[in-house]
Amino acid sequence: YSVLSPEADLSFVASAESAFIQGSAYLDDRPGAPLRFNAEANLTQIIAREERAIEGNVLRSELDSRIKDTFTNNSGSFETIAFPAGAFDVPDDVGDGKPRLAIIHHQALDIGSNVDEVPELISSIYQRKGQDGSGFRQLRNNLIFLVADERNAPHMLATVSKHLALRELRRPERLGELADHQQAQVAELAKRSEAEIAIAIQQCYRHLFYPSRTALGGGSITLDLATIDQTSASERPASGHVQIVRQLASIGKLKTGEDQPDQPSYIRDRTPLKREGQMTAASLRAEFRKDPSLPMHVG
């Protein structure tokens, strides 16, 4: 009652109380207990202590593995290339026939809501190929880039850190040190953390640089930017490729076997068919992989 006033927003009071209960390190955390403090640390403090003990390389390894699992689907629409450091990590060939999805490591690059030009790392990979980057990439319409959101990266790291702390506390020798109600809470939190990690990763990795006839910022690099909204990013945890397919299909960049084909006259005029009169199916498919103004084909 001490925070109430004639203009108080009651929803703010309720959310503040909820945040206090969740974050307090010494609040009595027994089920049904009144709001009162204990001298001993509660489960919030115990988990935080475990998080501080996690080594940086362990956290990075776990997060990297989770990101790969979230966006890799061998039966999906893309061939995933995780964390390329340069053009030499991304082949310029047909491969298994699927477009390539390059996931840029969040420590190498993350972006905000306002992007005026294509970042240097992405520009270099998109335009070059080979060990020394001396060659020019031919199949530019066969490659898209997935980039982290700088605002959501800290939450993604914190979610994985909490999961690792809970995994440590679930070890039998550690679990026995906790009260019965804390043991039940650890089990429940650990179970929920799996889905929370997948959602946090998908909400962070939601910026797509894709080949386009219009260049971002009016530059010379034929890439544009699409951002997956938060609601779509939270759907189907651990199936990150689904949201990418949906986003590219919604802007007409990606076509599957179920979509209506382009008009024959449009394809004729956009490819060497008009000049040469005939092409093999393989050569025609290659043109789609080269020209950024054409849609990507899957299946």
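Begin by selecting I197, which counts as buried because its relative accessibility is 2%, where buried means under 20% relative accessible area with a 1.4 Å probe and protein chains only. The model is predicted, so local features need pLDDT of at least 70 and side-chain atom pairs count only at pLDDT 80 or more, while totals for chains, interfaces and linings use all residues. Residues are numbered from 1 along each chain as its sequence is written, and side-chain values use heavy atoms, with hydrogens and water left out.

I197 sits in helix α7, and, leaving aside residues up to four places away in sequence, I197 touches R66, T159, V160 and H163, contact meaning heavy atoms within 4.5 Å. Show V160 as well: its C-alpha atom is separated by 6.2 Å from that of I197, although the two residues are 37 apart along the chain.

Next, display α2 (residues 43–52) together with α7 (residues 180–204), whose axes come within 11 Å and cross at roughly 55 degrees. The crossing is right-handed, and the contact is made by L43, I46 and I47 of α2 with Q182, Q185, V186 and L189 of α7.

Then select I67, which is among the residues with the most contacts inside the largest nonpolar core, a set of 29 residues; such a core consists of buried Ala, Val, Leu, Ile, Met, Phe, Trp, Tyr and Cys residues joined through side-chain atoms within 4.5 Å. Not counting residues up to four places away in sequence, I67 touches F83, I103, H106, M156, I201 and Y205. Finish at a second, separate core of 18 residues, which includes I104, F145, V147 and F209.

Terms used. Axes fitted to C-alpha atoms, helices over the stretch in contact; angles between N-to-C directions. Helix = DSSP H or I, 4+ residues; strand = E, 2+ residues; numbered from the N terminus. Left-handed = near helix turned anticlockwise from the far one by under 90°. Buried < 20%, exposed > 50% of the residue type's maximum accessible area, 1.4 Å probe, protein only.
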